[in-house]
Every structure is written in structure tokens, then in C-alpha cells.
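Let's take a walk through a protein model together. Have the sequence and the 3D view ready.

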Amino acid sequence: MRRLLTLLFIALPLIAPAAELSQRTASKLAAAMDDAARPQADRARDGNRKPLETLEFFGLTDEMTVLELLPGGGWYTRLLAPTLAERGKLYVSIGTRNVEENLLGEPGFEAVEVLPFDAISGREDRRMNIEPFSFGVDDVDLVLTFRNLHNFTRTGRAEMNRAAYAALKPGGLYGVVDHTRRHMEPDWSENWRRMDPVQMIIEIQAAGFELVAASDLHWRPDDELEYEVGRASVTGNTDRFTLLFRKPD
């Protein structure tokens, strides 16, 4: 599996990944990570999720307009919002109820804008379908989603990728992370929240994106790619692919 990915990346004409975080952006992210209001449970995941390195790989700057998809409980939102508050902009969309109820009313998060989303059209085998939709913006520099591709059917992923493409400016970036599945392995009860990174590259490129780079930041050689990601023996230590795409100029 990993040998296949290596050969694939060598064969593609990859664009160089973004430069290091500017000192200003890095300082703002560090301050957000150290904020006294940040939950201890969030801090406990820093070593595993490597937010500074991950956001550097995705090319974040504090002047960007960023769209975070499926923010969940707001783990990354708590870092992105204060970093972007002064000079940039943060949108969130799809599955935003938790952050709306528990985070966006707090001081420092007033400028985060929720882009309405109501395009879920049912479920198939635990995954959600999405009808064609638009985020209603086209000024985004960077779209991010963390461990969420697995929540959607192939059709749902295609619609989300297409809408992300439409929301980005020409030259805009799309960063994705998800749990790794063995290449071409069919669905079963232990792997349904894992995705084949080769298949994800193919699907995202089908929406018009160019593959920029892949990172081994979240490579975990001791993850056998065999067990459900929520199992006590696996959770917090899954092998995850980290991919960066670009909308052509």
C-alpha cells in the first residue's frame, strides 16, 4: 500500500508545498494553542494531530479566507478562528451544530461565519448522500476537512469536492486528512471509517483539482490498517493520509 503511494507520488508532477509558516502566523497559532480557555482534552491531542505542522503543510497564513468543513466539536476551529480573526476570515459549513451551540458564542469567535448547508439526502451503509449544492461563496483561499471524507458516499464526496472547488479562488488550496485503508480493500465493519488514499486522490482530481503534495506527518507504521478507528487499541494512533490539492489558475 505505502509502496504504491510512493510510486504514485513520484510519477506525478507535484508542485512544491507551501513555505514555512510566517512568524506572525506561527505566533498566533501558538497563542491559540496555549489559550487558557482551550479545553484540556483538546491539548491532549496536540502531539497526535500536530496542528502547527499540519497547517504549515496546508499553507495557512493569517491573511487567508478559510472554509473548514465538518468542524465537529471545534478542535481546529479553536485554532483557526483566533489566528484569522485580525487579518483573515473563517467560514464553517456542514455539521456545524456543535460549534454553533458551544463555541461560536464565546469571546473571540464572533467573526466566524456559518455557511448554511441543507443538502443531506439520506444514508447508505452509514454514510451520507449529498444533493448538488453551493456554499454560496467564491472568495476562499483554503478549504480544510479533517477525518471526514469517510462520512459520505462516493456521490456525497463528489458533491462536497465539487462545491469546495467552486468556493475556492483560482489557485486556492484544498487540504484533507483521513484514516488510511488498504488500497482497493472493500468495505467491511472494521474499515468503513478508513478511506483508500489512492481512490481519494482520483475522486478529488475528478472535481478539477491538481494534487500538490502528500505528507507523512500522520503516518503510523504500527497501525495495521485492520481495525475500526474507534477501538481502544487504535484510536488516537491511526495511520492517516494528509493530502494537499490546488484549484488551477
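Which residue has its charged end over the ring of Tyr165? That is Lys247, 4.7 Å from the ring centre. A charge sits over a ring if NZ of Lys or CZ of Arg is within 6 Å of the ring centre and within 35 degrees of the ring normal. Before going on, note that this is a predicted model, where local features need pLDDT of at least 70, side-chain atom pairs count only at pLDDT 80 or more, and totals for chains, interfaces and linings use all residues. Residues are numbered from 1 along each chain as its sequence is written, and side-chain values use heavy atoms, with hydrogens and water left out.

Now find strand S1, residues 65-69. Helices (H or I, at least four residues) and strands (E, at least two) are DSSP runs, numbered from the N terminus. In S1, 5 of the 5 residues are buried, so the strand is largely enclosed by the rest of the structure. Buried means under 20% relative accessible area, exposed over 50%, and partly exposed in between (1.4 Å probe, protein chains only). In a regular strand, side chains alternate between the two faces of the sheet. Here Thr65, Leu67 and Leu69 are buried on one side, and Val66 and Glu68 on the other.

What about the neighbours? S1 pairs with strand S2 (residues 89-93) in the parallel sense, over 5 bridges; strands pair if DSSP finds at least two bridges between them. Leu69 has Ser93 as its bridge partner in S2. S1 also runs parallel to S6, joined by 4 bridges, and there Val66 has Leu142 as its bridge partner.
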